[in-house]
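Good morning, and thank you for coming.

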Amino acid sequence: MSGKTINLTLQVWRQKGVDIPGRLETYKADHISTDASFLEMLDIVNERLALEGKEPIAFDHDCREGICGMCGAVVNGRPHGPERETTLCQLHMRHFRDGATVVIEPFRAKALPPIKDLVVDRGALDSIIVAGGYISVNTGQAPEANSLPVPKDNADLAMDAAACIGCGACVAACPNASAMLFTGAKVSQMALLPQGQPEAAKRALAMVAQMDAQGFGNCTNHKECEMECPKGISISNIARLNREFIKAALGSQEKIPTGKG
């Protein structure tokens, strides 16, 4: 890396487990290239800690390309940091000023319990997807693209909803720790397409029941989720989720499940 460097003071949340109290610890991050990503900056800090015989900071990551949803921490009070529609792994240090203090904490929600330091258990989000089940399509050779017409507006909205990477930033940003934006996106991406219609009612009821069973809060239209979503998922998907749920509860023969904790 080349170019300008900056010096930062980090206040990082350190916690060894869900039942062990955590605390903020202070570290120096000196001579950090402004070309480095936020996670590369943490890598540098961890290398220095390891050389000093200290335990590195635990943080989640995988692809580092903004597509897997593994990364995520609250930076100066904002999930994924200060840049709109940017994952933490794609946030670069040029967005921070020299000499700044940066507070780094994990996503905080009852349904996303801490594992260690900045790592939280996102299994509750995965369980909502599992509750949604499957779609009734034949496997094997891909069908001809135009054999099942889909209105372009619906296709575009479904693609926008499918952009959700399940990182949990919406939960961390919401004062109610709601997963409605996440669940709304996962319901919408199928509800808008003909392939998702056969199981639409069952899917909406099951996913909402699982969301409630996992302890997520409800939506009260603060819109913090949309503001902090790194993929710009619209809260219109929450409205669609509510419509799908009401339609399924009142207009179908499906029974409302209780969800599994």
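This is a predicted model: local features need pLDDT of at least 70, side-chain atom pairs count only at pLDDT 80 or more; totals for chains, interfaces and linings use all residues.

Helices (H or I, at least four residues) and strands (E, at least two) are DSSP runs, numbered from the N terminus. Residues are numbered from 1 along each chain as its sequence is written.

I begin with empty space. Rolling a probe the size of a water molecule over the atoms shows where empty space is left. On a 1 Å grid over the protein atoms alone, a cavity is a set of points where a 1.4 Å probe fits but cannot get out; a pocket is an open set with protein on both sides within 12 Å along at least five of seven lines; and lining residues have an atom within 4 Å of a point. Grid points are joined across faces, edges and corners, and a volume is the space filled by probe spheres set on the points.

Which helices each supply at least two residues of the lining of the second largest pocket? They are helix H2 (123–131) and helix H6 (200–213), and H6 gives the largest share, 5 residues. This pocket has a volume of about 230 Å³. Of its 13 lining residues, the closest to the centre are Ala131, Ala206, Pro257, Gly259 and Lys260. By class, the lining has 6 nonpolar, 3 polar and 4 charged residues (Ala, Val, Leu, Ile, Met, Phe, Trp, Tyr, Cys and Pro count as nonpolar, Asp, Glu, Lys and Arg as charged, and the others, Gly among them, as polar).

The largest pocket has a volume of about 270 Å³. Its lining includes Ser136, Pro143, Glu144 and Gln195, and divides into 5 nonpolar, 6 polar and 1 charged residues.

Turning to cavities, the whole structure holds 3 of 30 Å³ or more. The largest cavity, of about 90 Å³, is lined by 13 residues, with Cys164, Gly166, Cys167, Cys170 and Cys229 nearest its centre. Helix H4 (169–173) and H5 each give two or more residues to that lining, which has 10 nonpolar, 2 polar and 1 charged residues.

Finally, the charged pairs. A salt bridge is a side-chain nitrogen of Lys or Arg within 4 Å of a carboxyl oxygen of Asp or Glu. By this rule there are 10 salt bridges. In one of them, the side chains of Arg64 and Asp43 meet at 2.7 Å, N to O. Arg64 lies in the loop between helix H1 (38–51) and strand E3 (74–75), and Asp43 in helix H1, so the pair ties together parts 21 residues apart in sequence.

Definitions and conventions:
Side-chain values use heavy atoms; hydrogens and water are left out.
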